[in-house]
Amino acid sequence: MGRREQREQIFKLVFQLEFNDKTEMPEQMKLYLEQEEIQSEKDCTYISDKFEKIQEKLSEIDGLINEQTVGWKTERMGKVDLAIIRLAVYEIKYDDSVPVSVAINEAVELAKKFGQDESSSFVNGVLAKFSK
């Protein structure tokens, strides 16, 4: 599984944060990885480790997003767009192995695939503020 596919799996788990209590997420993650039939231990470890790191820093990530957006606080954003932005902000701010341009590009691609018509533009606009 490539990084793009791993990132998509992480996005789907981050999206689930909107619908599950934090205490339920270890079990939800286990069920998700089984359901998706992710066979590779390496992939499972990468996905679960990165997801857990995002979950640990979620309030910081949301704070960063709220500082950068005008009129679009996290509570007001669509859940798909928010999950994509959270993942990308984590990669931009806390994951040195992912270049900023790659994090933004991958987020825009996720928005095109999973978001609404304007999602890719919205995600790109929000994340552009983090590239400066």
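How much of the accessible surface of the chain belongs to carbon and sulfur atoms? Of about 7,400 Å² in total, the share is 46%, with areas taken by the Shrake-Rupley method with a 1.4 Å probe and, for residues, only the protein chains shown counted as cover.

This is a predicted model, in which local features need pLDDT of at least 70 and side-chain atom pairs count only at pLDDT 80 or more, while totals for chains, interfaces and linings use all residues. Residues are numbered from 1 along each chain as its sequence is written, and side-chain values use heavy atoms, with hydrogens and water left out.

View 1. Helices (H or I, at least four residues) and strands (E, at least two) are DSSP runs, numbered from the N terminus. The C-alpha trace spans about 40 × 30 × 30 Å along its principal axes.

**View 2. Ile65, Ile85 and Leu127 touch the most other members of the largest nonpolar core.** A nonpolar core is a set of buried Ala, Val, Leu, Ile, Met, Phe, Trp, Tyr and Cys residues joined through side-chain atoms within 4.5 Å. In soluble globular proteins, nonpolar side chains tend to be buried together.

**View 3. Here are the neighbours of Ile65.** Not counting residues up to four places away in sequence, Ile65 touches Thr74, Met77, Leu82, Ile85, Arg86, Val89 and Phe130. Contact means heavy atoms within 4.5 Å.

View 4. Leaving aside neighbours within four places in sequence, Glu8 is in contact with Leu110, Lys113 and Phe114.

**View 5. Glu37 sits in the loop between helix 2 (25-35) and helix 3 (41-56).** Its phi is near 55°, a positive value in a residue other than glycine. Glu37 counts as exposed, at 58% relative accessibility.

Technical notes:
Buried means under 20% relative accessible area, exposed over 50%, partly exposed in between (1.4 Å probe, protein chains only).
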